[in-house]
Structure formats: C-alpha cells, structure tokens
Amino acid sequence: MKISLIVSDLSSRGAGRWGGAVRPFLLTQALQQLGHTVDVLGFDETISSTFSIPHAKTHAILSRTYPGFLSSAYQLLRQLDGDVIYAYKLKPSSFGLGLLHHLATRKPLFLDIDDWELSWHGGDRLDYRPSVKQLARDIFRPNGALRDPDHPMYLKWLESLTNRASHITTHTEFLHNRFGGVYVPNGKDVSLFNPDRYDAEKSREKLGLSNYRILMFPGAPRPYKGLEDILAALEELNDTNLRLVIVGGSPYDNYDQQLMNQWGRWMIQLPKFAHHQMPEVVSAAHVIVVPQRDLPAAKAQFPLKLTDGMAMAKPILATSVGDIPTILGATGYLVSPGQAHQMAEMIQHIFENFDQARHRGTLARQRCVEQYSISSMAMTLKPLLAM
C-alpha cells in the first residue's frame, strides 16, 4: 500500500532536528520494511531547510498562522493520496487534517501519539476562559494566541476525537493507558547503531575527549530531563576525570547555556551531528545517562537516547521514571529521580566495577535487537495494516 504520513512540524526545531532518528522516520522505516510506500508530508517554517528521507518522498509546505494556515492546510490535503493516512501527533496540524480527509474519503486514518501535548500547557488543568477583550485580541491581533493552529485549546478539543481514528499507536504505557490503541515502542536501526563498527578510544580521540571518563547525554537539554541532578552528582564526586558531554544542545531556548554558566566545570558541549554520525559519537561514551525527572512530560516520552546507548552496548545510568525500567530490564543502572546523591554513588559504583558495567551494556544491546529494533517495530505494525 501507499501510506501518507502527516507530520505537523518538519522544521529543524521539530521532526527535522535529528533527521532519521525521531519517531516519524522510525515509523517510515518500519512501514517500508513491510513493503509499503511512504510519503511524508508536513509543515516547515522555512522549506529550504527540509531534509530528505531515504526511499521516501518528503513534501514540505510553508507553515503559517491563521488565516494563512487555511491555504497551507489545503495544499497538504490535496497531496494526501495514500491508501492509508497516518497522522503523527495529536495536533490539529496533523491529526486534525487527517480527520478532515478521513471524513471526506473514508480512507483509514491511523494516529500515532508520541507525546501528551497538553502536558506542556497544564495537562487536564488547562482552562482557557478569556474575557471578551482578550478573546478578541487572541483572534484578531497579528500575534494573537488563537492564530496558532496548535493552540492548547484546539489540542484539548482534539483529544475528545481520538475515537474517530481507525487505529491508535503509542510508544509508552503512560500514553497507552490514556489513549488506548496499540503499544509500538520506538525501534532502533541496530545495523547502523552497531558497536562492532567503531573503536571507542578512537572516537574519543577524534572528539577531543580522550582525557576524560565520559557520561554522555545525546539529546536536547530540558529541565525535566534531570541534567542538573547529574551535574550536582559530579560536583559531589569532585573527580576531575569525569565530564558530562551534551550532544547537540537545545533548539528551544538557552537552557544549555544556563547549565554551562552554573556547571561549566563539569560539562563539554558538542555540536549537533547528522543521524548517520551519531553511532560514532555515542561510541565515545563510557556511560549514557538518562536522568529523567518524575514529571508528566517525562512519563509520556520514550527517550531515544536510551536505545542509542543500548544498541551501542553502553552502560546506562537512568532514573525509574515512566517506561525506562521496562525498557532497560536488568541491563542498566537505575536510581530514584531527582536524587543527585544516589546518582553520585551509582557513578562511582559503575566505574569501580567497569567490567561488570560493560557486560550489562552487552546485554542491553541484545535486548535492543530483540525488542527495540526497527524489525520488532515493523512486526507490531504488520497486523494493523492487514487490510
């Protein structure tokens, strides 16, 4: 079949940030592995920055606010010619448009939910009740809030329509419990992320990291991701051989600079790398850290950096938040969220018993191949598409 995958944000701040590493392109690879043709359609604020995906057509349409969004939406709807429409994210600019197309054509509509969008806006407590004057400002001013196609009020309305989807897929138990559907955890390209293809010491030398024992966070820093707890742990240990390496920085704000200002002694920041370069970067780590805090935004997410480390057979230090304990099984090291002292003790334990830590990394690689690969993702999707 041909599948049209709608992505609300194809820009470098959205799905385009990590190229083929993020959820819509993992879905694309899994669907292609099943023999389907995939077109990816979505919005981008610049168009010129839009990347391409191997063996899939990418159609980027200029993102706009209302009323210009109506024209952009019409352009996207005209290009939806798949036998199945697959909307990525519970947003008006993806699922909303897919729902319009479904109502007009009756073609099957799949919805993939990889985040609880309302968690960024107060969750179930969101209550948009503006005064008449504020409502007028939000509608008619050029920068009015309601001109945003994905305003929180629209997100809340759309949540009540998820039962209109033919199938729902999610990637965490938190989202599965909230929205139902089929649990499809993120898969990793384990042939690309293969530790046998890289020499860790040479990778460290190439990146200028040879003099340190590296705790690596290969993702975008956000407050709920707990990096301050790791840095506080390093401060407690006061071991000048240890460094936290952050790869890529934040595309959203200056939070990584705030961390550098406070904890720069313990940090090294690397630039963003292309997806195909990331296995070599991850190979330079001694330990991958995923110190999520116990917050709704963290519970709803499947940290891709977790399977980066697992696929590359790295020891992983993480917190017991959301699906992390389930994903790691007995192959990683878990501490309570927000507990810098526990993290310090575990970091010390890992490096004092590093042969054991490397063995756990090997087991993590095996677990990733068996349960969290693109192939396992494809096998979960297969019966949904048996139409």
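Two strands count as paired here if DSSP finds at least two bridges between them. Helices (H or I, at least four residues) and strands (E, at least two) are DSSP runs, numbered from the N terminus. With that settled, here are some notes on the model.

1. **Ground rules.** This is a predicted model, in which local features need pLDDT of at least 70 and side-chain atom pairs count only at pLDDT 80 or more, while totals for chains, interfaces and linings use all residues. Residues are numbered from 1 along each chain as its sequence is written, and side-chain values use heavy atoms, with hydrogens and water left out.

2. **The six-stranded sheet.** An open sheet with parallel pairing is built from 6 strands in the order E10-E9-E8-E11-E12-E13. Strand E10 (267–270) and strand E13 (333–335) are at the edges with a single partner strand each, so one side of each has no neighbour in the sheet. On average, neighbouring strands of this sheet are turned by 25° against each other, direction ignored. (Axes are lines fitted to C-alpha atoms, for helices over the stretch in contact, and angles run from 0 to 180 degrees between N-to-C directions.)

3. Strand E9 (residues 242–247) pairs with E10 in the parallel sense over 4 bridges. Here leucine 244 has methionine 267 of E10 as its bridge partner. Helix H9 (residues 255–263) lies across E9 and E10 and runs at about 150° to E10.

4. **The seven-stranded sheet.** Another open sheet, of 7 strands, has parallel pairing and the order E3-E2-E1-E4-E5-E6-E7. Its edge strands, strand E3 (57–62) and strand E7 (182–183), each pair on one side only. At the E7 end, strand E6 (residues 167–170) pairs with E7 in the parallel sense over 2 bridges, and tyrosine 183 in E7 is the bridge partner of threonine 170.

5. **Strand E2 and its partners.** (Buried means under 20% relative accessible area, exposed over 50%, and partly exposed in between, with a 1.4 Å probe and protein chains only.) Strand E1 (residues 2–7) runs parallel to E2 and is joined to E2 by 6 bridges, with lysine 2 opposite threonine 37. E2 also pairs with E3 in the parallel sense over 6 bridges, where aspartate 39 has lysine 57 of E3 as its bridge partner.

6. Helix H1 (residues 23–33) is largely enclosed by the rest of the structure, because 8 of its 11 residues are buried. Among these buried residues are Arg23, Phe25, Leu27 and Leu31. Just after H1, glycine 35 takes a positive phi of about 95°. In helix H8 (residues 227–237), the buried residues are Leu227, Asp229, Ile230, Leu231, Ala233 and Leu234. Asparagine 238 follows H8 and has a positive phi, near 50°.

7. **Backbone points to check by eye.** Most residues other than glycine have a negative phi, and most peptide bonds are trans. Arginine 106 is not a glycine, yet has a positive phi of about 65°; this arginine lies in the loop between H3 and strand E5 (109–113). Arginine 106 counts as exposed because its relative accessibility is 56%. Alanine 313, also not a glycine, has a positive phi of about 60° and is found in the loop between helix H12 (304–311) and strand E12 (316–319). A cis peptide bond joins tyrosine 66 and proline 67, with omega about 5°; proline 67 is in the loop between E3 and H2.

8. **The second largest pocket.** This pocket has a volume of about 260 Å³. Of its 15 lining residues, Tyr66, Pro92, Gly96, Leu100 and Pro149 lie nearest its centre. Helix H2 (68–78), helix H3 (92–105) and helix H5 (152–159) are the elements that give two or more residues to the lining, and H2 gives the largest share, 5 residues. By class, the lining has 14 nonpolar, 1 polar and no charged residues. (A pocket is an open set of points on a 1 Å grid over the protein atoms alone, where a 1.4 Å probe fits, with protein on both sides within 12 Å along at least five of seven lines; lining residues have an atom within 4 Å of a point. Grid points are joined across faces, edges and corners, and a volume is the space filled by probe spheres set on the points. Ala, Val, Leu, Ile, Met, Phe, Trp, Tyr, Cys and Pro count as nonpolar, Asp, Glu, Lys and Arg as charged, and the others, Gly among them, as polar.)

9. **Serine 283.** Serine 283 lies in helix H10 (residues 278–283) and counts as buried because its relative accessibility is 4%. Leaving aside neighbours within four places in sequence, serine 283 is in contact (heavy atoms within 4.5 Å) with Tyr198, Ala200, Ser203, Arg204, Met312 and Lys314.
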